[in-house]
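Keep the structure open as you read.

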Amino acid sequence: MHIHENFSLRNYNTFGIDVAAKQFALFSTVDELRELLNHPRFTIHHSPLTTHHLPLILGGGSNILFTKDIDGIVLKNELKGIQLVKEDEHFYYVKAGAGENWHSFVMHCIDNNYAGIENLSLIPGNVGASPMQNIGAYGVEIKEVFQQLEALHIYEHSLETFTLNDCEFGYRESVFKKKYKDQFIILNVTYRLRKNPVFNTTYGAIEQELEKMQVKELSIQAISQAVINIRSSKLPDPAVIGNAGSFFKNPEITNATFAELKDRFPAIVGYPVDHNKTKLAAGWLIEQCGWKGYRKGDAGCHAKQALVLVNYGNATGKEIYDLSEKILASVNEKFGVELEREVNVMPAIN
Ligand SMILES: Cc1cc2nc3c(=O)[nH]c(=O)nc-3n(C[C@H](O)[C@H](O)[C@H](O)COP(=O)(O)OP(=O)(O)OC[C@H]3O[C@@H](n4cnc5c(N)ncnc54)[C@H](O)[C@@H]3O)c2cc1C
């Protein structure tokens, strides 16, 4: 277990932002993690009230915008292992280490005919972050297959189990982004996957893609491949151009507000959430404000996906953040709608 000093995080975040961590270490066992948390060189304050020098837990770095150097420890989660822990008449219960790559885990499940996460193929990042924001794509969210997770309390070092109800999942939300923010390190996640698949092809262009692929018989393999094809053609590859996927959430507004906006902007894009709420397509709002394809220096708004902010090479996190502020302000001014960032800004800027 090596502790690096002044360690560049450029290759550890998909935005490719060049900041340094004062200290950096990988852990691949829970014992190593405990040892690091107890290490005298790290000034971790054992109280949730003092967040100074909290360890920053890093997965694949695909949902983070670093705004400056990290004046503390960054701990990269490398806990591995995939295990079928239980099965019953209808389900397989599969436990994965938080440091497993998410897409490799999806592929493992597909190879073994464990159904339920095929629509979540090709989402970057690791298993441990999947419950953080209840990852979702193509009509499926992690909460639909979530069984439980184990996490270590950062201050108490106690091991705790969280069930579905404990996690309070919402749209790109969980208890770990709210009341338990910066308090737990997720160690492993157990998913409840179906023996008999329930196919979900209604969202996005999955059906058209399956047709194009000339799929005769629906399978989780075919759906996964369709999702991979669509995502590869639509989303910028972080290996080529720095980004963290959707920078903002799609805002939810009341149906009454939606009706007013629809009067003023007939082409506005919204999807019903429930009897009272409508979800707006944030990308459409941003595009209408003229940001799509905008670039200043190396910070920009992607030419095909207005929801995705990009680093063309040497943008700083602050430049990307400032651009996001301008986008927020202009969307608010034009539509009276407050966008919320989906990406975790670290350290936070208030
Ligand atoms: C091209 C692209 C497309 C994307 N598409 C989607 C999409 O379709 N749907 C979607 O939901 N997301 C999407 N994302 C966002 C991202 O992939 C997910 O949010 C992913 O789950 C982040 O995983 P990560 O391991 O990279 O997390 P990181 O970026 O490393 O961390 C994210 C947050 O979780 C915390 N964290 C990470 N691991 C742990 C742990 N073990 N314990 C405690 N805290 C932890 C970090 O401190 C940070 O606050 C996309 C990103 C990119 C770049």
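Q: By class, which residues make up the lining of the second largest pocket?
A: This is a predicted model. The second largest pocket has a volume of about 240 Å³, and 15 residues line it. By class, the lining has three polar, four charged and eight nonpolar residues.

Q: Which strand gives the largest share of the lining of the second largest pocket?
A: Gly116, Glu144, Val145, Arg194 and Val198 lie nearest the pocket's centre. The largest share of the lining is three residues. They come from strand β12, residues 184-194.

Q: Why should helix α8 span 27 Å?
A: Helix α8 covers residues 317-335, which is 19 residues.

Q: Which elements do the buried residues of α8 pack against?
A: Buried means under 20% relative accessible area. The buried residues of α8 include Ile320, Leu323, Ile327 and Phe335. They pack against α6, α7, β4, β18, β19 and β20.

Q: Which residues have the most contacts inside the largest nonpolar core?
A: This core has 48 residues. Its largest share, seven residues, comes from α8. One of the residues that Phe66 touches is Gly317, a buried residue of α8. The residues with the most contacts inside the core are Phe66 and Ile286.

Q: Just after α8, which residue takes a positive phi?
A: The phi just after α8 is about 70°. The residue is Gly336.

Technical notes: Residues are numbered from 1 along each chain as its sequence is written. This is a predicted model: local features need pLDDT of at least 70, side-chain atom pairs count only at pLDDT 80 or more; totals for chains, interfaces and linings use all residues. Side-chain values use heavy atoms; hydrogens and water are left out. Helices (H or I, at least four residues) and strands (E, at least two) are DSSP runs, numbered from the N terminus. The expected span of a helix is 1.5 Å times one less than its number of residues. Buried means under 20% relative accessible area, exposed over 50%, partly exposed in between (1.4 Å probe, protein chains only). Contact means heavy atoms within 4.5 Å. On a 1 Å grid over the protein atoms alone, a cavity is a set of points where a 1.4 Å probe fits but cannot get out, and a pocket is an open set with protein on both sides within 12 Å along at least five of seven lines; lining residues have an atom within 4 Å of a point. Grid points are joined across faces, edges and corners, and a volume is the space filled by probe spheres set on the points. Ala, Val, Leu, Ile, Met, Phe, Trp, Tyr, Cys and Pro count as nonpolar, Asp, Glu, Lys and Arg as charged, and the others, Gly among them, as polar. A nonpolar core is a set of buried Ala, Val, Leu, Ile, Met, Phe, Trp, Tyr and Cys residues joined through side-chain atoms within 4.5 Å. Lists of a residue's contacts leave out its neighbours within four places in sequence.
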